[in-house]
Amino acid sequence: PSSNRAQPAISRRNFLPLGAAAGLSLAAMPAFAEDDAIAAIAARANAKAAAEREAKKPQPVREAGEGADLVGAVLIGGTALSVPFFFKNLQRLGIKIASGGKDDGRGTIR
């Protein structure tokens with residue numbers, strides 16, 4: 001019995017062992033790769049990552065001692081600007097301290 005169909009170049013039955021062998025050889029390739037080549041690739045990647053981290057590092061805006069003067073100026077300025085809101089209370093407190101607590105200053109300051 002002859003068939004008119006063309007025979008495939010390789011049958012499925014013959015392909016299974018060949019495909020399995022090819023898959024195993026591809027999976028085993030990294031195990032046989034040269035260690036020096038992998039180490040060189042890793043070293044280049046690490047150097048590049050370190051350079052990127054260094055480039056992204058924020059630069060200081062001020063020196064360490066510069067902020068102390070600014071903080072003091074803000075504290076003094078804030079206190080000076082808020083005194084008008086409680087100046088009468090400070091006057092009453094002065095009167096009370098000067099009188100030894102006998103006069104609370106409410107009758108003299110309005």
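Just after helix α3, Gly 100 takes a positive phi of about 75°. The model in which this residue is seen is a predicted one, and the values below are computed from it.

The protein has three helices and zero strands, so that, read from the N terminus on, its elements follow the order α-α-α. Of its 110 residues, 3% count as buried, while the accessible surface comes to about 10,200 Å², with 63% of that area belonging to carbon and sulfur atoms.

Helix α3 deserves a separate description. The helix covers residues 66–98, and although it has 33 residues, its end C-alpha atoms are only 41 Å apart, short of the 48 Å that a straight helix would reach at 1.5 Å a residue. Along its course, α3 bends by about 70° at Phe 86.

| Feature of α3 | Value |
|---|---|
| Distance between end C-alpha atoms | 41 Å |
| Bend at Phe 86 | about 70° |

Phe 86, the site of this bend, also belongs to a nonpolar patch on the surface, which it forms with Phe 85, Phe 87, Leu 90, Leu 93 and Ile 97, and the accessible area of these residues together is about 650 Å². One member of the patch, Phe 87, has its place in helix α3. Is Phe 87 buried, exposed or partly exposed? Phe 87 counts as partly exposed because its relative accessibility is 43%, a value that lies between the limits of 20% for buried and 50% for exposed.

Terms used:
Residues are numbered from 1 along each chain as its sequence is written. This is a predicted model: local features need pLDDT of at least 70, side-chain atom pairs count only at pLDDT 80 or more; totals for chains, interfaces and linings use all residues. Side-chain values use heavy atoms; hydrogens and water are left out. Helices (H or I, at least four residues) and strands (E, at least two) are DSSP runs, numbered from the N terminus. Buried means under 20% relative accessible area, exposed over 50%, partly exposed in between (1.4 Å probe, protein chains only). Accessible areas come from the Shrake-Rupley method with a 1.4 Å probe; for residues, only the protein chains shown count as cover. The expected span of a helix is 1.5 Å times one less than its number of residues. The bend at a residue is the angle between axes fitted to the seven residues ending there and the seven starting there. Patches are made of residues with over 30% relative accessible area and no salt bridge: like charges are joined within 9 Å, nonpolar side chains (Val, Leu, Ile, Met, Phe, Trp, Tyr) within 5 Å. A salt bridge is a side-chain nitrogen of Lys or Arg within 4 Å of a carboxyl oxygen of Asp or Glu.
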